[in-house]
Amino acid sequence: MNLTTASRTLQLLGRILDPRSATEPFLPPRAEKRALPLRPAEQPLPRCAPEEQGISSRHIRQFLEELDRDKALYMQDVMVLRRGCVLCEAAFGSQDLRAAKSTFSACKSVTSLAVGLLVDDGVLSLTEKVADIFGDLCTPAVRRRLKDLTVEHLLTMRAGIQFSEAEALTEADWVRRFLNASVRGEPGTDFLYNSLNSYILSAIIALKAGKGVHQLVRERLFAPLGITDTLWETCPAGIDKGGWGFYIRPEDMAKLGQLVLDGGLWQGERLLSQTYLDAALTAHAVPPETTGDFNYGYHIWVGRRENTFLFNGMLGQNVLGFRDSGILLVTNAGADTDFQESRYFEMVSRYFGGAFPDRLEPDPDARRELEETASALSAYRLEPQTIAGQDQALTAPFLQRSFAAAEPKAVSAGLLPVALQALHNNYTAGVTSLAVSVRGDLPELIYRERDAVYRFPVGLGVPQVCQLDFRGNAYHTAVLGRFTHDEEERPVFYIRMDFLETPCVRTLKLVAEGDGLLLRQSETPGVPYVFRKLQAAAQSGLTRPLLLVAAGGTEEDYLLYKTLQLLSPEIVFRGEGR
């Protein structure tokens, strides 16, 4: 981290943590997340009864029930496959399997597949020096410093370059900053997980192939696999991010996992060489045990004790393949984890890590019970409710009323979860007013910020799905509300908003107070996750001084206070009449 970048990163963190003003980014915001349609996969995978593939329907049903019981997983969807056939699929709560999901770091494995295509073509060698590839961008000093850095070092997270995602939020030229960043140790020695390694691979692909990684895999992999409606965000220079920012449906992600499981073959056609995949699924680096029970191959995690591979993204985006049995699991979740620390991996190993027969006797009753269990996990199975069916004593304080923000800290609160604001450099200008109207037989929330108005229906009993646009970044959002009361018997309008393409959930709790209301906002992933990040920074000799300046302190109680201010603000609104 150089001094200029460190200063900017420090200042941005300070702005985000300051509730007294709206966050001002260093780079102008860009529309990165365009709208993607909610529709099934274009070429669906075959479906069959689990027993046809040697797995009991009751076994999978028990797995689903255990996933649902463990609320710490924040499971959103799951697909179970064997030998390319879907045995079970389920969406939890308001989630929708038709939505293209943010994969976070799981897309690093897709970047690896793109590298493999160029290696197979003879266009790229894993032993090529990064300084040679970027040529004129490298000064003599850079060439000396990076003289031993190869493409393989980037693929195995052993580059040692310390320019990170957090710093990229304040920089426009990521390639130049990466090449000029400081290096820790010798390339090829220590495992240092850094998403900018993946970004540089993406930049290398663009140079070598004459097209971005997204276009390359669309043409060479997605077209034969029938994968459509994908999105890969780009850096300020227009290069695909490579290590994050990729959106794809769970079923289409399963096709990529199946391609790897089948050694690069798809319906008898070779799309990727077995030679590259064998190398990619070989452990080349040993990450700390705190990350989980996997080593690291070529941007693909490799099981330490089981013959498995893993595409892994933070918060629970996973494609896990069991190479001996041909079982594949795809999940999306919102757990407070960065790698493989959650209980999910122990659970999956317990249910699917052993040997299975080729086939079992049909069991129609067990299959029906599995389908009923999967269906029961979805909130859309419930009966819709209407305004007319609600308790008027609970609805009257809110319906057909508007409220104005009555305190200064409203300037830093917005409808979009803070995690998504930071991810897309797309910060709120602050909430100014709320109103609740009635459209048809449902309440409608009108959330007004200084530079935007968001108006959407709130489902009662069953979520209502709408599309919200935050300065050019569009999200399908499932909104579910209920009228209730709190422990003090005050009327409460509780609203949950699932941003379907992401793990993020925004909750709004409108509490009637006299003629006004108190708005309590929160989000998931939220306070526990961010607080642990700040705690870790406070314990690091490198980042503690920066955090001290940015946050104003590093004591645990103070960091928790700052986190609550940021992610769980309470804002008073005054009534403006009916």
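**Close-up views of selected helices, strands and loops**

**View A. Asp229 lies in the loop that runs between helix H10 (213-225) and strand E4 (231-232).** The model shown here, as in each of the views that follow, is a predicted one. The backbone of Asp229 has a phi near 60 degrees, which is a positive value in a residue other than glycine.

**View B. Leu315 is placed in the loop between strand E10 (308-313) and strand E11.** Its phi is near 75 degrees, and this positive value again belongs to a residue other than glycine. The relative accessibility of Leu315 is 4%, so the residue counts as buried.

**View C. Phe311 belongs to strand E10.** At a relative accessible area of 0%, Phe311 is buried. When neighbours within four places in sequence are left aside, Phe311 is in contact with Ala106, Ser109, Met253, Leu256, Gly257, Val260, Ile300, Gln317, Asn318 and Val319. One of these contacts, Met253, is 58 residues away from Phe311 along the chain, and the C-alpha atoms of the two are separated by 9.7 Å.

**View D. Gly321 sits in strand E11 (residues 317-322).** Gly321 has 0% relative accessibility and therefore counts as buried. Apart from neighbours within four places in sequence, the residues in contact with Gly321 are Leu261, Asn307, Thr308, Phe309, Ile327 and Leu328. Between the C-alpha atoms of Gly321 and Leu310 there is a separation of 6.4 Å, while along the chain these residues stand 11 residues apart.

**View E. A cis peptide bond joins Thr524 to Pro525.** The omega angle of this bond is near -10 degrees. Pro525 itself is located in the loop that connects strand E22 (516-524) with helix H17, the helix taken up in the next view.

**View F. Helix H17 (residues 527-539) packs against helix H19 at an angle of about 140 degrees, with the two axes 9 Å apart.** H17 and H19 are therefore oblique to each other, and their crossing is right-handed. On the H17 side the contact is made by Val527, Val530, Phe531, Leu534, Gln535 and Ala538, and on the H19 side by Glu556, Leu559, Leu560, Thr563, Leu564 and Leu567. The 13 residues of H17 should span 18 Å at 1.5 Å a residue, and the end C-alpha atoms of H17 agree with this, being 18 Å apart. The buried residues of H17 are Val527, Tyr529, Phe531, Leu534, Gln535, Ala537 and Ala538; among them, Val527, Phe531, Leu534, Gln535 and Ala538 also take part in the contact with H19.

**View G. Helix H19 (residues 556-567) is made of 12 residues and reaches 16 Å from its first C-alpha to its last.** This reach is close to the 16 Å expected at 1.5 Å a residue. The buried residues of H19 are Leu559, Lys562, Thr563, Leu566 and Leu567. They cover an arc of only 115 degrees around the axis, which puts them on the same side of H19. Leu559, Thr563 and Leu567 are included both in this buried set and in the contact with H17.

**View H. The axes of helix H3 (residues 108-121) and helix H9 (residues 195-209) come within 10 Å and cross at roughly 30 degrees.** Because this angle lies under the 35 degrees that limit the parallel class, H3 is roughly parallel to H9. The crossing in which H3 passes H9 is left-handed. From H3, the residues Lys108, Thr111, Ala114, Val115 and Leu118 meet Ser195, Ser198, Leu201, Ile205, Lys208 and Ala209 of H9.

**View I. Helix H2 (residues 57-69) and helix H13 (residues 344-352) cross at roughly 170 degrees, and their axes come within 11 Å.** That angle makes H2 roughly antiparallel to H13. The contact involves His59, Ile60, Gln62, Phe63, Glu66 and Leu67 of H2, together with Tyr344, Met347, Val348, Arg350, Tyr351 and Phe352 of H13.

Methods:
Residues are numbered from 1 along each chain as its sequence is written. This is a predicted model: local features need pLDDT of at least 70, side-chain atom pairs count only at pLDDT 80 or more; totals for chains, interfaces and linings use all residues. Side-chain values use heavy atoms; hydrogens and water are left out. Helices (H or I, at least four residues) and strands (E, at least two) are DSSP runs, numbered from the N terminus. The expected span of a helix is 1.5 Å times one less than its number of residues. Buried means under 20% relative accessible area, exposed over 50%, partly exposed in between (1.4 Å probe, protein chains only). The arc is that of the directions from the helix axis to the C-beta atoms. Axes are lines fitted to C-alpha atoms, for helices over the stretch in contact, and angles run from 0 to 180 degrees between N-to-C directions. Angles under 35 degrees count as roughly parallel, over 145 as roughly antiparallel, 65 to 115 as roughly perpendicular and the rest as oblique. A crossing is left-handed if the near helix is turned anticlockwise from the far one by less than a right angle, and right-handed if clockwise. Contact means heavy atoms within 4.5 Å.
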